[in-house]
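Biologist: Can you put the model up on the screen and walk me through it? I'd like to go chain by chain and then look at a few residues.

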Amino acid sequence: MSTQSKAPFDASSIPNDLCPIAVKPNPMLPGDWRSMRPVVDRDKCVKCAVCWLYCPVQCVVEKAAWFDFDLSTCKGCGICMRECPHAAISMVEESA
Amino acid sequence: MSAVLKPKQKFVVCDGNEAAARAVTLAQVDMVAVYPITPQSSLVEYLAKFVADGDLDAEIVDVEGEHSVLSVLHGAALAGARTYTATCGPGLAFMFEPYLRTPGLRMPLVMTIVTRDTLTPQSVWGGHQDAMSVREVGWIQMYCETVQEVLDTTIMAYKIAEHHDVMLPVNVCHDGNYLSYGATRIELPEQDQVAAFLGTRDVNWHAALDPERPMAIDPLTGGAGGPGPSMFVRYRKGQCAGMRNSLQVIEQVHAEWGRVFGRLHAPLVESYRMDDARYAIVTIGSMTGAAKDAVDAARERGARVGLVKVKTFRPFPKQAMLQALKNMQAVGVVDRSVNFGWNCGPLFQETLGALYDAPARIPAMSFIGGLAGADITTDHFGSVIERTAALARDGIAGETVWLNEHD
């Protein structure tokens with residue numbers, strides 16, 4: 001991997017009304033704008049990993065006896081609920 | 001103007017398409033992306049030849065359509081390349097999405113529009129409808145009168161576009177059929193002088209595709225809350241400021257071209273026999289040659305008529321137009337395209353806008369001719385001059401006159 005040989009782009013040196021550019025990463029994650037959150041019924045979860053296979057953002061994490069979700073990256077799409085063969089997942093509205 | 005010693009230049013006989021290709025070669029562009037379309041095709045064929053012959057050390061990308069043409073050039077420009085393409089009519093229409101984005105990204109591309117009337121009715125011939133249809137996108141647009149002006153303006157376009165106070169794409173428009181295929185003798189400047197005139201290319205100082213200095217280009221800006229709306233306004237106003245700045249830069253670059261190469265073209269508008277004129281006709285593009293002949297003939301009969309030719313149409317040179325026309329008793333504007341919203345020619349409507357600040361109301365009339373390759377003859381211009389003279393006498397402007405209606 002090459003090392004950085006040039007100075008970082010200094011956006012402060014150019015007019016701020018030319019081409020829109022961004023030089024800092026945006027820290028926002030999908031969890032910041034989620035409206036529905038998945039909740040697992042631990043009694044129903046058999047760890048079949050179907051949710052893990054289908055999750056488009058790969059936020060499913062494995063626990064000792066069930067699967068759970070990393071809510072910082074979960075965008076609340078509900079695909080896991082729809083695909084779970086044991087109806088172990090429900091979507092709950094995030095509080096305002 | 002002080003006398004200039006003309007530099008050594010050689011003469012060639014060529015048409016406007018070859019002149020544009022030779023100008024691009026002299027500008028030593030790095031990347032050309034092309035898709036052929038009548039009446040532009042021979043232009044890009046000349047470019048392919050110049051690259052194959054080793055006269056132009058550029059990448060030439062033969063892509064599957066005009067949308068890709070401009071998208072390829074976006075990447076090249078953001079990577080630091082001097083870029084060029086040419087298109088017209090339906091090709092310009094297919095290019096519209098990246099065409100819209102180019103000025104907002106402040107990329108100094110140069111693109112020739114070999115102007116062609118738009119469909120439909122089906123037509124492959126000249127007319128300004130394609131270029132006029134995109135007049136509000138934010139590109140600088142300059143219309144050429146002669147093959148020599150095509151060559152000179154195409155080179156100057158790079159210096160205008162790449163000026164740090166401008167940083168906007170430029171359309172050099174030359175009339176399909178009349179300039180694209182009309183051959184004449186032109187002077188060809190020396191390569192090293194053109195290189196010195198244009199200077200070092202520096203086109204991605206403001207936004208760059210550079211893996212060692214990563215950045216996001218054109219992230220979402222705007223929306224209804226937070227800093228978005230004000231940021232969006234700031235960038236829009238920045239584009240307008242670049243357009244305004246370009247008027248002065250266009251004048252400076254034309255003046256410098258005149259000093260270095262001995263050919264002084266009017267940068268914004270040209271006044272022809274206007275000194276003691278009482279009324280004027282306004283023209284744009286290659287029709288101007290016949291119009292000047294008609295003005296000369298009318299002058300010989302004692303008519304006090306002058307001519308104002310618009311070269312720079314975007315941004316519109318409001319002050320220069322007002323200065324040229326403010327003392328006229330009548331103005332007749334000849335367009336090679338149609339403004340459907342106002343039932344007149346677009347240049348006519350723009351001229352009215354400039355004349356709003358005239359000390360007194362100036363009667364004006366719209367004439368439309370030369371659609372789909374039709375010729376606007378000296379006889380047509382003679383009738384325009386007569387009608388404008390009558391307008392100066394009675395002040396009664398009639399409906400738009402379609403010059404080729406009874407041909």
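**Two chains and their contact**

Modeller: Chain A has two helices and five strands. Keep in mind that this is a predicted model.

Biologist: In what order do the elements of chain A run from the N terminus on?

Modeller: The order in chain A is β-β-α-β-β-α-β.

Biologist: What radius of gyration does chain A have, against a compact globule of 96 residues?

Modeller: Chain A comes out at 20 Å, but a compact globule of that length would be near 12 Å. Taken along the principal axes, the C-alpha atoms of chain A fill a box of roughly 60 × 40 × 20 Å.

Biologist: And how much of chain A is buried?

Modeller: Buried residues are 29% of the 96 in chain A. The chain exposes about 6700 Å², with 54% of that supplied by carbon and sulfur atoms. As for contacts between residues at least 6 apart in sequence, 56% of those in chain A join residues at least 24 apart.

Biologist: Pick one residue there. Where is Asp43(A), and is it buried or exposed?

Modeller: Asp43(A) is in the loop between β2 (36-40) and α1 (50-54) of chain A. Asp43(A) counts as exposed because its relative accessible area is 78%, and the cut-off for exposed is over 50%. Its C-alpha atom is 8.7 Å from that of Trp66(A), 23 residues away along the chain.

Biologist: Switching to chain B. How many helices and strands?

Modeller: Chain B has 13 helices and 16 strands.

Biologist: What does the radius of gyration say for chain B?

Modeller: The value for chain B is 21 Å, which agrees with a compact globule of 407 residues, since such a globule would be near 22 Å. The C-alpha trace of chain B spans about 70 × 60 × 50 Å along its principal axes. Of its 407 residues, 58% count as buried. Contacts in chain B with a separation of 6 or more are 81% between residues 24 or more positions apart.

Biologist: What about charges in the two chains?

Modeller: Chain B has 35 positive and 46 negative charges, and their mean positions are 7 Å apart. In chain A there are 10 positive and 11 negative charges, with mean positions 3 Å apart.

Biologist: Which residues of chain A lose the most area to chain B?

Modeller: Those are Phe9(A), Leu18(A) and Pro20(A), together 35% of what the chain A side buries.

Notes: Residues numbered from 1 in each chain as written. Chains lettered and ligands numbered in written order. Predicted model: local features only at pLDDT ≥ 70, side-chain atom pairs only at ≥ 80, totals over all residues. Heavy atoms only, no water. Helix = DSSP H or I, 4+ residues; strand = E, 2+ residues; numbered from the N terminus. Rg over C-alpha atoms; globule rule 2.2 N^0.38 Å. Buried < 20%, exposed > 50% of the residue type's maximum accessible area, 1.4 Å probe, protein only. Contact = heavy atoms within 4.5 Å. Lys, Arg positive; Asp, Glu negative; His and termini not counted. Charge placed at Lys NZ, Arg CZ, Asp CG, Glu CD. Buried area = accessible area lost by both parts, 1.4 Å probe. Areas by Shrake-Rupley, 256 points an atom, 1.4 Å probe, with all protein chains shown as cover.
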